[in-house]
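Hello,

Here is the structure I promised to pass on to you. Have a look at it first, and my notes follow below.

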Amino acid sequence: SLRKALWIIAALAAVIIMIIFIGLLADTERRFMTTAPDKFARLDIWIDSLKIIKDYPFFGMGLGAFKNAFMSYQTKWALVYFEHAESDYVELITETGLVGMLIAAWMTAAFFYPVLSAWRRQSGWHAMCVGVGGLSAMSALFVHGFTDFNLRIPANALPFTVIAAATYAAVLTATRHKGPAVTPAPARMPVGSRRAALAALIVIC
C-alpha cells in the first residue's frame with residue numbers, strides 16, 4: 001500500500017542520515033559545541049540561561065528581552081554579545097516562562113494531533129505525500145531548534161508557516177471517498193479551541 005511504501009522510504013532515509021551522521025560525528029560534535037567565528041560554547045549560554053529561568057520562572061522576561069537581559073547573567077565570553085540563546089526552546093522559556101512553554105506546547109499539540117489523525121485515514125496520493133512531507137519538514141525544524149534559533153529568523157519562520165498551512169489544508173480538506181467527486185467540507189476547529197488559540201496568541205504577542 002501507499003502508506004507502507006512511505007514508511008519504507010522514511011526508514012531508508014533515516015538509515016542513510018544515520019550513516020552520514022556517524023561518518024561526520026567528529027565534525028558534528030565540534031560544530032555542536034562551537035560556532036564560528038567566536039568559538040563560543042552553547043552549553044555555557046544554556047547554563048547561564050538557567051539563572052534567568054530561576055529569576056523569572058512563570059512568565060519570563062518578555063519576548064525579545066533575551067539579548068539585553070542576558071548580559072547581566074553572562075559569566076563567560078565577556079567580549080561576545082549574544083542576541084539569541086542558540087536554542088529556540090531555551091530562549092522561549094527565558095522570555096515567556098513556564099506559562100509560555102505550556103501555551104506553545106498546547107498550540108503544537110492542537111495542530112499536530114488532528115493533522116496526524118486525519119493523515120492516517122487518508123488514501124489519496126496527494127494528501128498522503130504532502131502530509132508526510134510537511135510533517136517531516138516541521139519535525140526536522142523542531143529538532144534542529146534544540147541547538148539553534150531557527151524560528152527567530154524570518155527566512156525560516158515564513159516557510160515554516162507556509163508548510164504548516166499547506167499541510168493542514170492538504171490533509172484536513174482532502175476528499176476521503178472514492179467514486180464520484182465530492183466537495184469536502186472544510187475542517188474547522190471548535191469555537192472554544194479557536195477562542196483559546198486567539199487568547200494564547202494575544203498573551204504571547
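What pattern does the chain follow when read along the sequence? It runs α-α-α-α-α-α-α-α, with 8 helices and 0 strands in the chain. Please keep in mind that this is a predicted model.

Some totals to begin with. Of the 205 residues in the chain, 29% are buried. The accessible surface is about 13,100 Å², and carbon and sulfur atoms account for 72% of that. Among contacts between residues at least 6 apart in sequence, 67% link residues at least 24 apart.

A straight helix of 33 residues would span 48 Å at 1.5 Å a residue, but H5 covers only 29 Å between its end C-alpha atoms. H5 also has a kink of about 120°, centred on Gly97.

Then there is the packing. The largest nonpolar core holds 13 residues, and Phe111, Phe112, Val115, Leu135, Met138 and Val171 have the most contacts inside it. At least two residues of this core come from each of helix H5 (88-120), helix H6 (125-144) and helix H7 (154-172). H5 gives the largest share, 5 residues. Another core, of 12 residues, lies apart from that one and includes Ala69, Tyr73, Phe82 and Val90.

Best wishes

Notes
Residues are numbered from 1 along each chain as its sequence is written. This is a predicted model: local features need pLDDT of at least 70, side-chain atom pairs count only at pLDDT 80 or more; totals for chains, interfaces and linings use all residues. Side-chain values use heavy atoms; hydrogens and water are left out. A nonpolar core is a set of buried Ala, Val, Leu, Ile, Met, Phe, Trp, Tyr and Cys residues joined through side-chain atoms within 4.5 Å. Buried means under 20% relative accessible area, exposed over 50%, partly exposed in between (1.4 Å probe, protein chains only). Helices (H or I, at least four residues) and strands (E, at least two) are DSSP runs, numbered from the N terminus. The expected span of a helix is 1.5 Å times one less than its number of residues. The bend at a residue is the angle between axes fitted to the seven residues ending there and the seven starting there. Contact means heavy atoms within 4.5 Å. Accessible areas come from the Shrake-Rupley method with a 1.4 Å probe; for residues, only the protein chains shown count as cover.
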